[in-house]
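Please look through the structure shown here before reading the notes. The briefing below is grouped by topic.

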Amino acid sequence: MAIQYNDQHHIFAIQTQNSSYIFGFNEKGNLQHLYWGATIAIEDCVPLLRSSSHSSFDAEVDREVEEYSFWGGLCYTEPALKVRFHDGVRDLSVTYIDHQILEENGKETLVIRFKDQHYPLETHLYYTVIPEYDLVERSAKIINRGEDCIVLESTQSASWTIPYLQDYRLTHVTGKWSGEFQLRSTLLSEGKKLLESRRGFTDGHANPWFAIDAGDATESHGEVWFGALAWSGNWKIVAEKTVFNHVKVTGGIHDFDSEWVLEAGETFEAPVFVGGFSSGGFGQMSRHLHHYQYDHVLPSQQVRKVLYNSWEATYFDVNAQDQMALAEKAAKMGVELFVMDDGWFGARNHDRAGLGDWVVNKQKFPNGLNELITKVNGLGMDFGLWVEPEAVNPDSDLYREHPDWVYHFPTRGRTELRNQLLLDLSKPEVKRFIVDFMTDLLQNHQIKFIKWDMNRTITEPGLKDHPLHRQKEIWIRHVQSLYEIWSELRRKFPQVEFETCAGGGSRIDLGIFRYADQAWPSDNTDAFDRLSIQEGFSYTYAPKMMTCWVTETPTGMNRRDVSLQYRFHSAMMGSLGIGANLNEWSDEQIEQSAEFIRQYKQIRPLVQAGSQFRLSALKQKGLTAVQYVHANGSESVLFAFLHSQKLGELLPRLCLQGLQSDKQYVIDQLPGTYSGRALMNVGIVLPLRGDFDSLMYRIQESK
Ligand code: GLA
C-alpha cells in the first residue's frame, strides 16, 4: 500500500519507492504537515504531531505548516483557499468529515473531505501517488452543497512544506520571447518569492514549476524537493519562508483579478500540482518528471516523427508550387512529417490581415490543400498544418462580422498585439466556431498534425454578456474552454497529433501536455542559444516533447554562423525538425542532412524514451554535454558542444553517467572497449577544438 493511515494517531503516510510524505491531524484538528524526504515509517512522525505557539502574536505557529491553508482564524501565511459567503462572511473554519483510499488504473488516491462548521461548503483534498517516480499529484475540489452562491477568491491546488534546511535555494526559470527557459536560483529569506503569469497563458517569462534544495545539490547528488503545476492560464507559485523557519510552496491558479462563483450544487476543481522528492540531485528530479510525463501525462506514446516546417523558409509567402518543391527536398532527406506553417488561409499575406478566416487561400492553392497533401503523402510523408484559432486580425471577415466576439471593455480601446485580438472563448458560439472549422479541416483533409499557436497575451479582459459578478472568471474560463476544445478534437480525431506553441514557448506546462504531444520551446532556432533554452526546458519537461529545428546559418536572428553538424547535433537532442529553406540548399547539404537524419532515427529511441543525464562537470570550461541512456544501461548517446577554446586550455576528461559499471562498451569513432566503471569514473577525452565544435558519440555494450 502506497497510502497508509494510522488511526490511533490520525496520521497519513504516502510511501513511494524512495520517499515518504507524512501528515496528520493535531489535537486542534488541523491537518499538519510532518515530513517529506527519504523513506521513514509512519510511527516515526508521532512526536512531530503537535500544535505550537510563540506569543499571542504568533498563537498558532503550527498553522504555518498546514497541509492546505484554509483562510480564516489565525491563518496568516499564503492561503490555499479563501472564500466569500453570501452574507459577507469571509472566514473559513473547517472540520474533517472522512477520508477514502481509492484505486483506479493501478494508482492509489487519498481523498480527505472537510466541511465548514457553519456553511454548506466542502473541500476535498486529493493525493494520487506515482510511487515509481517518487511523485504525488495533489489537487482540491470545492463543493457548494447549499442554495446560496459562494465566491472562491483564491483556490490553490496545494501547499508543499519543505523540511528544515540550513539554507533554502529556489531554482526556477525566467525568460522572454526567443529566450525562454533560462535557469535561475536564489536563496530564500523571510518573506515571499512569487513566480507567476498574469498574461492569460502559461507565459515565457516564467514557467509553473519550482525546485528547492539546501544550496548544495548538484546534477547527480543531493536532495531536491520540486513541483510542477498543470495549468495553462494565469498561475502563481509562492515560495514563502516564515520567521519560524517554515518554508512552504503554495501554487495554483492565480488569484489576481480572479474569482469563481460557485452556484448551488456546483463543484470547482483546482488543477493538479505534482510534487516530488529526489535524493539524486536535479538530474534524478528531471528524469522522474520526464518518465512521469511519458507514462502518466502525455496523450499518446507515439514516436515523434522527424518533421519539416515551412515557417522560416517561406514565412507568409506560401503557395502550392513552392511547398511541393520543399516537400520533395524534405522527403529526400528522410523527413516523415511535412508541416505547412502560417499564411495558407484567407488574406493572410502578412500578420496584419486574415487571421480568423480559416478558408484556403485560392490564389495560393487554386486546387485546395488536398493537391499539396496528396503530393506530400505520395512522397511518403504525413501532412501537418499551422492554426491559431484563438486569435483574430481586425482586418478579417470574421472580425467584421463579429466585432463582439473578442475580449474587450466597452469603454476602452482594444489593444492590438501582432495586429491581433483574442476571441472570447467563454462564448459558446465562439467555442463552436473553433470546433466546427477545425472539424471541417480535419475531416476533409489527410491532416495528421496540428501546430496550435497563440501569439498574444490577454488584455482588456471583459466578458461581454456575462453577469457583472462573474466578470473575473475570464482567466479560468479561457483555459477551461481551450481544454474542452482540444479534448473534443482529440476524441474526434485520434489520428491527429498536436503541438503547443505560443509565440515560441509561452504555453508549455503539464496541463497542456494532457492534450499536446509536443511543444515548440522557442522561436529562437539558433543552435547555440537553443542549448540553454533546451537545458532549462529539460529541468521539467521531457526531450521527446521538445521540437527542435535545424535552420539557416547565419541565423536570421543573431547572425551566428555554425556548422551543419553543430545545428543537427543541437536539434537531435529533442524531437528533430528541419526549418530551413531547402529550395536554396545544395545537393550536398541535402545529402549531409539525410545522413544526420538517418543517424537520428537510429538514436531516436534513446532520445525519446531513454533517460537524460545533463553532464555539467565541465560547464565552466564552456562545454555542454547531454547523455541519453537506455533503461537497461546497454546503450547510450552523448552530445557534446564546445563554445570556444583559448589556446592551450585543453578540456579535462568528461565522466559519463547512467551506464552499468561491469559492462564493457564500445564507442563509435574511438578504438577499443571501455568498462562502464572507467567511462563513469575516469571519463573520456573529447576531441573538441576551437569555436562551436560538437560531437555525437554512440556508446554500445560490446557483445
Ligand atoms: C509564431 C510561432 C512561429 C510561427 C509564427 C507564424 O511566432 O512561434 O513558429 O508559427 O507564429 O506566424
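Glu 219 counts as buried, at 9% relative accessibility; buried means under 20% relative accessible area, exposed over 50% and partly exposed in between, with a 1.4 Å probe and protein chains only. This is a predicted model, in which local features need pLDDT of at least 70 and side-chain atom pairs count only at pLDDT 80 or more, while totals for chains, interfaces and linings use all residues. Residues are numbered from 1 along each chain as its sequence is written, and side-chain values use heavy atoms, with hydrogens and water left out.

**Salt bridges**

- The structure holds 45 salt bridges, a salt bridge being a side-chain nitrogen of Lys or Arg within 4 Å of a carboxyl oxygen of Asp or Glu.
- Side chains of opposite charge can pair when their charged atoms come close.
- Glu 219 is in a salt bridge with Arg 614, and their closest N and O atoms are 3.0 Å apart.
- Because Arg 614 lies in strand 31 (residues 611-615) and Glu 219 in the loop between strand 14 (209-213) and strand 15 (224-229), this pair ties together parts that are 395 residues apart in sequence. Helices (H or I, at least four residues) and strands (E, at least two) are DSSP runs, numbered from the N terminus.
- Arg 614 is buried as well, with 7% relative accessibility.
- Glu 336 and Arg 604 form a salt bridge of 2.9 Å, N to O, through their side chains.
- Glu 336 sits in the loop between helix 3 (320-333) and strand 22 (337-340) and Arg 604 in helix 10 (residues 587-609), so parts that are 268 residues apart in sequence are tied together.
- Both Glu 336 and Arg 604 are buried.
- A salt bridge of 2.9 Å, N to O, joins the side chains of Glu 122 and Arg 145.
- Glu 122 is in strand 8 (residues 121-130) and Arg 145 in the loop between strand 9 (135-144) and strand 10 (150-162), so that distant parts of the chain, 23 residues apart, are linked.
- The relative accessible area of Glu 122 is 12%, so Glu 122 is buried.
- A network of salt bridges links Glu 78, Lys 192, Lys 236 and Asp 255.

**Helix 10**

- Helix 10 has 23 residues and spans 33 Å from its first C-alpha to its last, close to the expected 33 Å; the expected span of a helix is 1.5 Å times one less than its number of residues.
- At Ile 603, helix 10 bends by about 55°, and Pro 605 follows within four residues. The bend at a residue is the angle between axes fitted to the seven residues ending there and the seven starting there.
- Buried residues of helix 10 include Phe 596, Tyr 600, Ile 603 and Arg 604.

- On a 1 Å grid over the protein atoms alone, a cavity is a set of points where a 1.4 Å probe fits but cannot get out, and a pocket is an open set with protein on both sides within 12 Å along at least five of seven lines; lining residues have an atom within 4 Å of a point.
- The largest cavity holds about 90 Å³ of space, a volume being the space filled by probe spheres set on the grid points, which are joined across faces, edges and corners.
- Among the residues lining the largest cavity are Leu 152, Asp 255, Trp 260 and Ile 476.
- Strand 10 gives the largest share of that lining, four residues.
- The second largest cavity has a volume of about 40 Å³, and its lining includes Tyr 407, Arg 414 and Glu 460.
- The largest pocket holds about 990 Å³ of space.
- Of the 32 residues lining the largest pocket, Ser 139, Glu 269, Ala 270, Val 272 and Arg 514 lie nearest its centre.

**Backbone details**

- Most residues other than glycine have a negative phi, and most peptide bonds are trans.
- The peptide bond from Thr 553 to Pro 554 is cis, with omega near -5°.
- Pro 554 lies in the loop between strand 29 (547-550) and helix 9 (564-571).
- Asn 105 is not a glycine, yet has a positive phi of about 50°.
- Asn 105 counts as exposed, at 71% relative accessibility.
- Tyr 315 has a positive phi, near 45°, and is partly exposed, with a relative accessible area of 40%.
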